[in-house]
Amino acid sequence: MSSNLLLSIQNIKKTFTTNVKTIRALKGVSLDIYQGEILSLLGVNGAGKTTLSSIISSLNPPTSGDILYEGKSIYQDLIDYRRIIGFCPQKPNIDAMLSIEENLYFAGRYFNVPEAEIKKRAQLLMKKFNLTQYATSKGSILSGGYKQRFLLARTLMHQPKIVILDEPTVGLDPHIRRNLWDVIKELKNDGVTVLLTTHYLDEAEYLSDRVCILDKGVIKLIDTPKNLKETYNQDNLENVFIELIKEDANIDEY
Amino acid sequence: MNTKKIYKTFLALLYKDIVVFNKRWIYRSIDALVWMIAILFVAHYIMPLFGITDPNYGTFTLIGNLAVWGLLEMLTSIAMFLGDLQGDKAITYYLSLPLPSSMIFIEQACASAYRSMASSLLLLPLGKLMLGDSFVLSNINWPHFIIAFCIINLFYGFFTIFVASYIPDLAALTMVRSRIMFPLWFLGGFQFPWKMLYKVCPSIAYINLCNPVIYIMDGLRSTALPTENYLPFWNCMGMLIFFSIIFSYLGVKKLQQRLDTL
């Protein structure tokens with residue numbers, strides 16, 4: 001697997017300082033992300049998963065540590081690194097005054113996709129995500145599920161190598177969630193590496209090649225869902241997670 | 001780092017904001033027209049009844065209000081910016097684009113400048129229509145007028161990101177209006193040229209040189225009214241460029257710090 005190493009996250013620390021206190025959100029996180037895998041970041045609120053995914057997306061800088069892409073620090077040429085990243089935010093921030101296809105065209109232009117390629121790519125993605133019927137509609141009329149589909153389509157306009165999904169199915173109906181899962185699986189089939197931040201353990205179990213459980217700013221466990229279930233002798237990831245929390249509570253009490 | 005690609009991304013983002021605004025252009029232009037009609041009606045038809053008979057008063061008012069429209073538009077731009085931070089956070093998507101974050105904020109300033117320029121385009125023709133012969137278009141130094149119009153609105157754009165960077169949330173917007181914009185506007189030569197203030201009270205006039213709005217008012221008015229009454233045109237433009245650089249630097253730094261970006 002090491003030959004397919006895409007990103008190497010090395011001892012990332014992140015501290016937030018406010019007027020009243022200092023929060024150590026990440027206390028030295030190291031992990032490798034491999035080409036074509038789906039890696040889920042799990043953890044309770046405040047575990048540090050959104051902070052970590054924001055740092056990997058290059059939205060925020062780490063306080064210390066480094067991220068290597070193909071062996072080179074991303075901070076040496078951040079702009080080039082951003083060209084291979086597709087960031088899909090949690091909030092459906094579609095430009096409401098533009099139609100769906102206009103939104104996609106602009107997403108392509110931001111990443112310097114050639115103009116001739118942009119239209120083809122937008123048509124392809126709208127077809128893939130069942131958005132063709134809404135091509136000329138404004139983004140504001142889309143339902144939650146379609147907005148999320150649109151965000152994914154927008155993220156893929158420049159054919160990124162790594163897609164970072166920040167809680168993509170939060171607040172969606174179960175059948176729409178399932179539908180999006182299939183879309184995310186397809187990304188993997190297309191060779192895209194997916195970093196998924198989620199609260200839903202069933203989602204992580206269904207989609208992930210590996211899950212990374214964060215707790216209080218450190219990696220508690222990182223393994224395949226299958227191995228984790230075997231290790232903890234549980235039939236699903238949710239029970240593994242509950243076991244882990246119990247362990248933590250016992251340690252805290254002790 | 002490929003500078004040409006960065007430049008293209010910047011322009012694509014700016015073009016997107018222009019396209020978005022153009023879809024609303026007519027509504028914002030109507031806002032500006034309604035505002036100007038009310039002001040010119042009072043200045044041109046009612047004020048003479050109170051003894052203001054200077055033939056240039058209409059032009060003085062028109063140009064002054066044209067100059068100040070961008071200041072009012074700033075409120076809209078600041079509200080949009082803060083609304084986004086508190087709501088959909090489109091800014092997080094833009095910050096993930098292959099552009100340095102400083103250029104994202106500068107693009108926001110340029111987009112804000114475009115919005116105030118575009119929405120005030122109809123004000124001059126309206127002024128001619130309402131003021132008639134008392135507003136002589138041939139008296140305008142057009143090259144200077146166009147330069148001033150662009151520099152003034154760019155200044156407003158950079159001032160927008162500076163102010164927005166320090167405002168915690170939408171609720172604080174009333175504070176911006178009453179504590180920042182209104183004093184700058186009314187003490188900034190909206191109803192008097194700087195030289196007139198200097199004659200009456202030199203000390204206040206000197207303090208007022210720290211108010212960028214004085215350069216906006218005198219600078220734009222000097223392009224359409226007798227120049228000897230106003231501060232020299234190029235001095236005004238120089239000062240506005242100076243203030244733009246200062247506000248853009250401070251605004252970008254503060255936003256980078258506030259949004260914790262690279």
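Which residue with positive phi follows H6(A)? Gly191(A) follows H6(A), and its phi is near 90°.

1. This is a predicted model, in which local features need pLDDT of at least 70, side-chain atom pairs count only at pLDDT 80 or more, and totals for chains, interfaces and linings use all residues. Residues are numbered from 1 along each chain as its sequence is written, and chains are lettered from A and ligands numbered from 1 in the order in which they are written.

2. Leu180(A), Ile184(A) and Leu187(A) of H6(A) are buried (20 or more other C-beta atoms within 10 Å of the residue's own; exposed means 12 or fewer, partly exposed in between; C-beta atoms are placed from the backbone). The buried residues fall within an arc of 45° seen down the axis of H6(A), so they line one face of the helix; the arc is that of the directions from the helix axis to the C-beta atoms.

3. On the face turned away from the buried side, H6(A) carries the exposed residues Pro174(A), His175(A), Asp182(A) and Asn189(A).

4. The cover over the buried residues of H6(A) includes strands S3 (38–42), S7 (162–166) and S8 (193–197) and helices H5 (144–156) and H7 (201–207) of chain A.

5. Chain B gives 23 residues and chain A 24 residues to the contact between them (C-beta atoms, placed from the backbone, within 7 Å). H1(B) supplies eight residues, the largest share of the side of chain B that touches chain A.

Conventions: Two residues are in contact if their C-beta atoms, placed from the backbone, lie within 7 Å. Helices (H or I, at least four residues) and strands (E, at least two) are DSSP runs, numbered from the N terminus.
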